[in-house]
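Please keep the sequence and the 3D view open while reading.

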Amino acid sequence: MSEPMDLRDMVIEVLMEAKRDGLPVMVMLSDSASTSKIAPFAARYPESVVNVGIAEQNMVGMAAGIALTGSIAVTANAAPFLLHRSYEQVKLDVCYNNTNVKMLSINAGFAYGQLGNTHHAVDDIATIRSCDHVQIFAPADAPEAREVMRHALRHVGPVYIRMDNIKVELIHEDSYRFTPGAIDIVRQGKDVLICSLGTLLPAAVQAGKALAAQGMDPTVANFSSIRPLDRNALRMLLDSHSHVVVVEEHSMHGGLTALIYEVVVSERLDAMVASCALPEGRPTLAGTRGDLRAHYGLDATGVVRKVMEMLS
Amino acid sequence: MEQIRITSNPYELDFNGIRAKARRIRVTALRMTTRSKLGHVGTDLSEIDILSSLYFSILRYQRGDIDHPDRDYFILSKGHGAGGYYATLCEAGFFPRAYLDTYMEFDSHLPGHPTRAKTPGVEFSTGALGHGLSVAAGIALACKRNGRSNQVFVLTGDGELQEGSNWEAAMAISAFGLTNLYWIIDRNSLQLGGGTESIMPIDPLEDKLRAFGFTVSHMDGNNPAQIVEALSKARQAGDNRPQALIAHTVKGSGVSFMENICAWHHKIPSAEECALAMGELDSDMTVGGSE
């Protein structure tokens, strides 16, 4: 098994690779050079980096303008200050105008757990799903982040990528190929379906192993492609499992859980769905990411507990 | 086929020619608004001399090849001035006159605010205020870094400058030395609810712009001779500060009973008022129809 890797390192490598391939990439920062780990790219391509300072609205607006000239604008800053500070720029300048802007939403979820609620980004999927045209991805590990970024740079149109800042255990082999819209089945089973968003995938895999050890045959599905999404594949997946549990470092509202509920209701499926998503009315809780994940049941133990609750 | 380089405006009209175009554009905008019973006619009349000067003298573009890579860019940040903008684009030949009859209608080529997916010549969809300056800055920066000679013209309102995003953009335009960007401010001193200075003062505007690093010039924004002169001078300035041009305008300019009356921000002229306005504009065109 390879060593855990930071997704950002892989994404920066893809940006360098794109430059070598002659793609007209411009990276936009909002005093987020360290957040994005852009240094190697900036050293090699200083003319392709634009740091606007702590001004996210202007970062996104300028990115749209840059894209209008034929360049590929890539914004790279901290998730809690991307969508909500500059929502109207994202909604209008990027999504409504359908400009070729790629948004790297770095350190999403509880990545900044100890820094408090102002720094938690657990509502980003809900926000970006309300926008048109934009593709939405949440890579689970470094090989997938590489593939997602390669796709994003070649897709013409807005892309939102939910990113992390920790070294994440590698679930995918180096040879992994990402298909936009596909649900990535990491373990194929037949009774319990575990649906995972982003870097919670190792926890979902671990939960799958624990359930298997107890005689169950769980499926572990990685939802790295939120939009596009093969709804027919999702319908069949939900229909072929009796119990479904969703694990996402995101609010109950508007994220993966909500997406699955939408399909269950619209397709009139019988699946029993439980979720480890963050409940409404969260206390003002800060702590390490591990502690926050444990508190909300966003780990293998929490997923197994949720399945047991459903079965009892 | 190889594209020819664009080096000039396709019309290059003199001041009298621009004035005549502006009069026709006013007539069109008034008729569109009267017909559709929707629009921001005071804003349209405020900006029309600026737009006419840009499209018939200043902007370098090519008719029939509107996406030409050498073209100058124009962004209408005050998107509610759509009527004046559409009337100008039509007069400059960007789309057929028949479109004018569909202003604000269902799925029209000419919706209530500029929509680039709908209207030939519209570079960017606007409507919410405080967006255009950043977008223009992005275009200017990309052109500058890529060694392209395009120039970027952006028209903001004055009330619009109450949006903080403009000042983020202003900081960046100055810091990045975007001397290929020309920021024109339609300073008619009125906004939806009243005078800008009574709602939230913009002044001292020149001091603010200078403090942000701009070279500031003033012009009568309803006088094409002054507009063209100020823009030409700004283009030739050759200093390393970006250019901001305060265009002192009259909201409702050209129609006496609309001038400086806040209600005409989005009041709709009756057929009688439209006829009266046509009389003032010395036009015998009747209301309705594209010709």
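The model is predicted, so local features need pLDDT of at least 70 and side-chain atom pairs count only at pLDDT 80 or more, whereas totals for chains, interfaces and linings use all residues. Residues are numbered from 1 along each chain as its sequence is written, chains are lettered from A and ligands numbered from 1 in the order in which they are written, and side-chain values use heavy atoms, with hydrogens and water left out.

**Chain A as a whole**

The secondary structure of chain A consists of twelve helices and 14 strands, where helices (H or I, at least four residues) and strands (E, at least two) are DSSP runs numbered from the N terminus. The C-alpha trace of this chain spans about 60 × 40 × 40 Å along its principal axes.

**The interface between chains A and B**

The size of an interface is often given as the accessible area lost when the parts come together. Here chain A and chain B bury about 2000 Å² between them, 56% of it on carbon and sulfur atoms, buried area being the accessible area (1.4 Å probe) that two parts lose on being put together, summed over both. On the side of chain A, Leu68(A), Thr69(A) and Asn97(A) lose the most area to chain B, together 29% of what that side buries. In terms of contact (heavy atoms within 4.5 Å), 28 residues of chain A touch 26 residues of chain B.

Between the two chains the count is one salt bridge, which joins Arg145(B) to Glu47(A). Strand E3 (49-51), helix H4 (56-68) and helix H5 (87-96) of chain A each supply at least two residues to the side that touches chain B, and H4(A) gives the largest share, nine residues. That side of chain A divides into twelve nonpolar, twelve polar and four charged residues, with Ala, Val, Leu, Ile, Met, Phe, Trp, Tyr, Cys and Pro counted as nonpolar, Asp, Glu, Lys and Arg as charged, and the others, Gly among them, as polar.

**Salt bridges**

The table lists some of them.

| Pair | N to O distance |
|---|---|
| Arg145(B) and Glu47(A) | 3.8 Å |
| Asp6(A) and Arg8(A) | 2.8 Å |
| Arg150(A) and Glu147(A) | 3.0 Å |
| Asp217(A) and Arg187(A) | 3.0 Å |

Both Asp6(A) and Arg8(A) are buried. Arg150(A) and Glu147(A) are separated by about one helical turn, because they lie three residues apart in helix H7 (residues 142-154) of chain A; Arg150(A) is partly exposed at 26% relative accessible area, while Glu147(A) is buried at 8%.

Notes. A salt bridge is a side-chain nitrogen of Lys or Arg within 4 Å of a carboxyl oxygen of Asp or Glu. Buried means under 20% relative accessible area, exposed over 50%, partly exposed in between (1.4 Å probe, protein chains only).
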